[in-house]
Protein chains: 2
Amino acid sequence: MQADLICIGNELLTGLIENSNTGFLARRLWSAGIEVREATVVADDREAIKNALERAMEKSEIVILTGGLGPTDDDMTKEAVASILDLQLVLNREWLERMESFFSCRGIRMPENNRKQAMVIEGAALLENQCGTAPGSMIEREGRLIIMLPGPPNEMSLMFDQSVLPFIFNYNPGNVTMVKTLKCCGIGESMLEEKIKMLGSWDFPPISYIARGFEVNLQIKGKGNAKEAAAAIEKAEKHLKSLLGDHIYGSEDDTLASRVAELLAEKQMTIALAESCSGGHLSDMLTDIPGISKFYKGGLVAYSEEVKTSKLGLDQELLKKEGLVSEATAKAMAEAARNYFNSDLAAGITGLAGPDSDSSNKPVGLVYIAVSSAKGCQCKKMNLGGGRQMVKERSSQLALDMIRRTLLSIRT
Amino acid sequence: MQADLICIGNELLTGLIENSNTGFLARRLWSAGIEVREATVVADDREAIKNALERAMEKSEIVILTGGLGPTDDDMTKEAVASILDLQLVLNREWLERMESFFSCRGIRMPENNRKQAMVIEGAALLENQCGTAPGSMIEREGRLIIMLPGPPNEMSLMFDQSVLPFIFNYNPGNVTMVKTLKCCGIGESMLEEKIKMLGSWDFPPISYIARGFEVNLQIKGKGNAKEAAAAIEKAEKHLKSLLGDHIYGSEDDTLASRVAELLAEKQMTIALAESCSGGHLSDMLTDIPGISKFYKGGLVAYSEEVKTSKLGLDQELLKKEGLVSEATAKAMAEAARNYFNSDLAAGITGLAGPDSDSSNKPVGLVYIAVSSAKGCQCKKMNLGGGRQMVKERSSQLALDMIRRTLLSIRT
């Protein structure tokens, strides 16, 4: 079973807004065993929507359209779908009343335009929208399931997870392709490829992988009925884990930061950060995790030499001798941060994010990352490319992985 | 003149990778006066690519394909294009030798697979790739311009900016639609809409806008020949600037952070940050700007109460009386940071990012943002929604705008 995605909106074609709906829906559909055949972005144009829909219905059993459910003249998704299916739009009184009271609660009269949002294709099921006035809808016709969702990602994703995904899980239980994603860090794509080849010629499900900086995401695809698919995946996962060990840090939506947070909680340890070239990016990644305040004491973005010496207490002679960007400085920053914030662990990052070097003329992208614990201090030296933001991103990624591995090595 | 975009890659359809190529190309094409008619994501499948290409060539004068230029069997973009155009692929010796020496410089022999990357459609122009082994290419046939670019965004965007965009600017100078983007912050979408209506019924070019948090991006579209389009845009921009004043903070690729950096340089002032709930996000935004180290002294992510009192010197009695999340605390954090880092300006952010509240039971999303300067200390209270990351993002956005406006108000 496969799906086509159609994202509607002029703002997507002018690049005013990034389209994250395709990626989100693709991942969710895959987790339910449904492949996405093709994804199109079309304009707020009735003919364009109808043409895309006709092509999609020809090829896929499921078609999901996002966007075009608003109250303006540019919003015409339901009209286009109704036209293709040769159905009428009918007024849903319940939804109309609900919208009217939504506005009156705020002391406003419902604009006349919004009325069209209560028009529904005859025979369609409405989908609850907890963040907006546009109802989603779903209709089955001609052996096709057509799903209409709002464009704004937060409205769309909540509606999909609450109302569509559970429905789809049960839609075609007979023959599925299930996917499990494993997250790895610290092993290059070529080395990974070699190790996977070592799995030999067993009846192994297809594994695809893609590198993102120092991380590699693996996707295992199990086919068959739900039971067979799950079993195939479980077997493959077991073998991959024995092959790759700690290089695998998690699965599905796990991130390096979420794993570090879990490990800190498990070991009941606190952490602090001293960042220079990463400029707050590492702290930002860590503080995305709910509950981290129990374990993250704080961080210092020591962006000038003055702050490194006066606040972290780094020795000016050391800095002069080894340089602001050096192993000695990274280690000193990590150890000083551990002391300064009185934490169990600390990381220090110093380097040259670019685009220019500094008075040392060391190469742009040179970064030292140190992690300090009661057991000692480890440091890695890297030469990172890709520009300023990439250097910040990659050094933070690497720091999180070093912290993760340090935590894994600690017996409690 | 319009363009169709075709992004090729299974990893885009499984959601393993987000597709940022469509947005990037759309914005670049718009800046050159070319509208994007439709954008499709297709699988690594010859028939799918050919079908998408045929449809695109029927409708648009320019077709840009990204992806499928790698050395594996899944890479078949050139083969598909050659097939549709009924042309041959020929070996480009120069590129082959270049690739061979790229590998031999690293002490490796070029894998046999890579050879196919030196195959080029007869009559096509090669496009330089500074980040990888795949050459891009461009060919004009049947009144259509077909451009093939690598999939990885960093390779694709550099190649496009260096080799394609300059070519496209001269491709159809007769009748263009040019776009200018203005960036605004601190004015809501509805208020903006009202003000734009005040422009009245002059012969005004179309203006579209979209809100992103506290920012609103405006796009002015000028049509006609290059001279007319530019003049229409200039006139509209002048009127919008007199209407909207400081709400407009920049244009095109300007960001709040880049504008703050420019103003700091202009006024020769330094800045420091004390962040709690934003967790390093504000520091991260600021340090994305090259050269900021001249003006950004440093930041403290004071994530625990202990750090607020012991490092920033906040009064424990004050915290007890007013609470960790309060106007008094935000102001105290900003003033303390200015003192601690010895900077001209400082910002302090305290709030509840969520998903849970703390012992105060104040509402999640409650944030206080303060900006301190020699002239005094201002504070804004906000109730932000959208989840933890959104609260961090929006409070940082707002802090940057408050810093920007403070800098604008300073006479030098």
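Strand β13 (residues 271-275) of chain B runs parallel to strand β15 (residues 345-351) of chain B, and five bridges join the two. Within this pair, Ala272(B) has Ala346(B) of β15(B) as its bridge partner. Strands are DSSP runs of E with at least two residues, helices are runs of H or I with at least four, and both are numbered from the N terminus; two strands pair if DSSP finds at least two bridges between them. The model described here is predicted: local features need pLDDT of at least 70 and side-chain atom pairs count only at pLDDT 80 or more, whereas totals for chains, interfaces and linings use all residues. Residues are numbered from 1 along each chain as its sequence is written, chains are lettered from A and ligands numbered from 1 in the order in which they are written, and side-chain values use heavy atoms, with hydrogens and water left out.

Ten strands form an open sheet with mixed pairing, in the order β17(A)-β16(A)-β15(A)-β13(A)-β14(A)-β14(B)-β13(B)-β15(B)-β16(B)-β17(B). At the edges stand β17 (376-383) of chain A and β17 (376-383) of chain B, each of which pairs on one side only. From one strand to the next, the twist averages 10°.

How are the two chains related? Two copies of a chain are related by a rotation about an axis and a shift along it. The same surface serves both copies, as 100% of the contact residues of chain A recur in chain B. Copies are superposed by least squares on the C-alpha atoms of residues with pLDDT of at least 70 in both, and contact means heavy atoms within 4.5 Å.

Chain B also holds a run of antiparallel pairings. Strand β6 (residues 125-127) is joined to strand β7 (residues 136-141) by three bridges, with Ala125(B) opposite Met138(B). Five bridges then join β7(B) to strand β8 (residues 144-149), again antiparallel, and Glu140(B) stands opposite Leu145(B). β7(B) and β8(B) form a hairpin with two residues between them, and Glu142(B) in the turn has a positive phi of about 50°.

Elsewhere in chain B, helices α7 (residues 189-197) and α8 (residues 226-244) pack at an angle of about 125°, with their axes 11 Å apart. The two helices are therefore oblique to each other (under 35 degrees counts as roughly parallel, over 145 as roughly antiparallel, 65 to 115 as roughly perpendicular and the rest as oblique). Leu192(B), Lys195(B) and Ile196(B) in α7(B) meet Leu240(B), Leu243(B) and Leu244(B) in α8(B).

Finally, a cis peptide bond joins Gly354(A) and Pro355(A), with omega about 5°; Pro355(A) lies in the loop between β15 and β16 of chain A.

Technical notes
Axes fitted to C-alpha atoms, helices over the stretch in contact; angles between N-to-C directions.
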